[in-house]
Amino acid sequence: MKKLRLFPNSDRVTRTRIVYIALTAGTVAAALLLVLLNRWIFRLTEAGLYDDPKYEAVSIISADSIGEPLPLPTRVSLYLQCERQGDERAVMPDEADADAITEELIKLWTDTLHLHAPDGRLASGESVDAVLRKSRYTVTLRDFYSDKSGAKLALWCAQAYYTASGGRTYCLSVLFDSRTCEAYFLSCALYENVRTDRRTDTLKPFLITNGYDETLAGQAEITPTERGFFGTLTLPDGLSVSIVYAEGEQYEITFTE
């Protein structure tokens, strides 16, 4: 009787290992070959695509202006469409910060006070210098919207105020563009200092803030009213400004259609 062999033939084990190794190596080689073949086909296709005479190199001349603020007439149009304001929000990187807007507000407040007190003293008796030293300033950034047209504009709501000796609060409220610091609207309450003999001169600080020549104020068309006057001014770029003046109280200046 033949004895059973406890271990397989060593030659058979060796051949089996060689077959497995060969299959593995063949699979890897085939995969690498397919990868190289696909890359070669892709390169041929890519070369044919870009060598096609239909494709030409194009230089975008206006690329540098991407991200720049829209022209003022366009922004004014957006402003005039907005009828709803959003909540206070944080400043974006391309917007003027609170310090910059406060500086613009102080400048406008100073020019306005000097305009109504050419001798350096208001009708209430206080000097312009004293008013400026004691004035307070607040600025808040908000988005304004139009639900109808979808228009949106970011504006700084800024206010300078001072409590006069008689108890009245003198106040200047302004809406500034969040990026360019131009003013779209101005409201000034100076009560006894608001006199019609100033007439169109009150337009000058608003014009200066927006980069216009202050002498344009003299071209405004004035219509007397029971409380003061209503004025309109057409600017060289086609935009219009209006002023509603209530003697002994306040006046408002804004861009209009």
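The structure is a predicted model, in which local features need a pLDDT of at least 70 and side-chain atom pairs count only at pLDDT 80 or more, while totals for chains, interfaces and linings use all residues. Residues are numbered from 1 along each chain as its sequence is written, and side-chain values use heavy atoms, with hydrogens and water left out.

## The chain as a whole

The chain holds five helices and nine strands, where helices (H or I, at least four residues) and strands (E, at least two) are DSSP runs numbered from the N terminus. Read from the N terminus on, the elements follow the order α-α-β-α-α-β-β-β-β-α-β-β-β-β. Of its 257 residues, 35% count as buried, a term that means under 20% relative accessible area, with exposed meaning over 50% and partly exposed lying in between (1.4 Å probe, protein chains only). The chain exposes about 16500 Å², of which carbon and sulfur atoms supply 55%; such areas come from the Shrake-Rupley method with a 1.4 Å probe, and for residues only the protein chains shown count as cover. Among the contacts with a separation of 6 or more, 54% are accounted for by residues 24 or more positions apart, a contact being heavy atoms within 4.5 Å.

## Cysteines

A search of the whole structure finds zero disulfides, a disulfide being a pair of cysteine sulfur atoms within 2.5 Å. Cys171 is in no disulfide, and the nearest cysteine sulfur, that of Cys188, is 8.0 Å away. Seen from Cys188, the closest cysteine sulfur is the one in Cys171, and the 8.0 Å between them is too far for a bond.

The table gives the relative accessibility of several residues discussed in this report.

| Residue | Relative accessibility | Class |
|---|---|---|
| Cys171 | 15% | buried |
| Cys181 | 14% | buried |
| Cys188 | 0% | buried |
| Tyr191 | 26% | partly exposed |

## Two positive phi angles

Most residues other than glycine have a negative phi. Cys181, although not a glycine, has a positive phi of about 70°, and it lies in the loop between strand 4 (169-177) and strand 5 (183-189). Tyr191 is likewise not a glycine and has a positive phi of about 50°; its place is in the loop between strand 5 and helix 5 (204-209).

## The largest pocket

The largest pocket has a volume of about 250 Å³. On a 1 Å grid over the protein atoms alone, a pocket is an open set of points where a 1.4 Å probe fits, with protein on both sides within 12 Å along at least five of seven lines, and lining residues have an atom within 4 Å of a point. Of the 17 residues that line this pocket, Arg75, Leu153, Ala154, Ser178 and Arg179 are the closest to its centre. Helix 2 (72-81) and strand 3 (152-163) each supply at least two residues of the lining, and strand 3 gives the most, with three residues.

## Ser240

Ser240 is placed in strand 8 (residues 240-246) and is buried, with a relative accessible area of 16%. Leaving aside residues up to four places away in sequence, Ser240 touches Leu233, Thr234, Thr254, Phe255, Thr256 and Glu257.

Notes: Points joined across faces, edges and corners; volume = space filled by probe spheres on them.
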